[in-house]
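Here are my notes for someone opening this model for the first time. Have it on screen and follow along point by point.

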Amino acid sequence: MAMTMNGEVQLAAPREAVWEKLNNPEVLKACIPGCEELEKTDDGGFRATAKMKVGPVSARFKGKVTLSDLDPPNGYKISGEGEGGVAGFAKGGAVVKLAEKDGGTLLSYEVEAQIGGKLAQLGQRLINGAAKKLADEFFANFAKAVQG
């Protein structure tokens, strides 16, 4: 099952500060809902563990995250894949762009993801709703982290 999603959030901080936080594992770990572990790897990516609940399915996903197309402080592409045991798998990526706007920074994102296993059997509406909620939660947390 594939899905796409996009959005934007206005942040009251300079673009360089937002860029720095987007690349800080401690900040990302604190902002990602359910994230239990996020460690930098030697190849410039991250190893992650997150606990998620979507409808009746609960799982701990272990996976890796890679940053590519780095264009400081304008944006990057973040890709990841995770295994959730019997719950299934998830993989996808997001293009994140930063632009100066209204004395702060406009962060825009486009996400593409695929899921399989038990999760995929839950139905498109439930999955899309859960994905939107996770994204909203992440960006609300990130906005707080950026604005101190």
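1. First, some housekeeping. This is a predicted model, in which local features need pLDDT of at least 70 and side-chain atom pairs count only at pLDDT 80 or more, while totals for chains, interfaces and linings use all residues. Residues are numbered from 1 along each chain as its sequence is written, and side-chain values use heavy atoms, with hydrogens and water left out.

2. Start with the inside. The structure holds 1 cavity of 30 Å³ or more, and about 1200 Å³ of space lies in the largest cavity. Of the 45 residues lining the largest cavity, Ile32, Met52, Gly80, Val111 and Leu134 are the closest to its centre. On a 1 Å grid over the protein atoms alone, a cavity is a set of points where a 1.4 Å probe fits but cannot get out; a pocket is an open set with protein on both sides within 12 Å along at least five of seven lines; and lining residues have an atom within 4 Å of a point. Grid points are joined across faces, edges and corners, and a volume is the space filled by probe spheres set on the points.

3. Who builds that lining? At least two residues each come from β1 (2-11), β2 (35-40), β3 (46-54), β4 (57-71), β5 (75-83), β6 (89-101), β7 (104-116) and α3 (124-146). The largest share, 7 residues, is from α3. These labels follow DSSP runs, numbered from the N terminus: helices are H or I with at least four residues, strands are E with at least two.

4. What classes of residue line the largest cavity? There are 33 nonpolar, 7 polar and 5 charged residues in the lining of the largest cavity. Here Ala, Val, Leu, Ile, Met, Phe, Trp, Tyr, Cys and Pro count as nonpolar, Asp, Glu, Lys and Arg as charged, and the others, Gly among them, as polar.

5. Now the largest pocket, with a volume of about 200 Å³. It is lined by 13 residues, and Lys77, Gly93, Glu110, Val111 and Glu112 are the closest to its centre. β1, β5, β6 and β7 are the elements giving two or more residues to this lining, and β6 gives the most, with 4 residues. The lining of the largest pocket divides into 4 nonpolar, 6 polar and 3 charged residues.

6. On to strand pairing, where two strands pair if DSSP finds at least two bridges between them. β4 and β5 run antiparallel, joined by 8 bridges, and a hairpin connects them through 3 residues. β5 and β6 also run antiparallel, with 9 bridges. Follow Glu83 across: Lys62 stands opposite Glu83 in β5, and Glu83 stands opposite Phe89 in β6. The hairpin of β5 and β6 has 5 residues between the strands, and in it Gly85 takes a positive phi near 60 degrees.

7. The side chains of Arg15 and Glu100 are joined by a polar contact of 3.4 Å. A polar contact is a pair of N or O atoms within 3.5 Å; within protein, one must be able to donate a hydrogen and the other to accept it, and residues adjacent in sequence count only if both atoms are side-chain atoms.

8. Arg15 also touches Pro73, among others, with contact meaning heavy atoms within 4.5 Å. Pro73 sits in the loop between β4 and β5, and the peptide bond from Pro72 to Pro73 is cis, with omega near -10 degrees.

9. Two backbone angles deserve a look. Asp69, in strand β4, has a positive phi near 50 degrees although the residue is not glycine. Asp69 counts as exposed because its relative accessibility is 60%. Asp102, in the loop between β6 and β7, has a positive phi near 50 degrees too, and Asp102 is exposed at 70%.

10. Last stop: Tyr109 in strand β7, which is buried with a relative accessible area of 8%. Its contacts include Met5, Val95, Ala135 and Phe139.

Technical notes. Buried < 20%, exposed > 50% of the residue type's maximum accessible area, 1.4 Å probe, protein only. Lists of a residue's contacts leave out its neighbours within four places in sequence.
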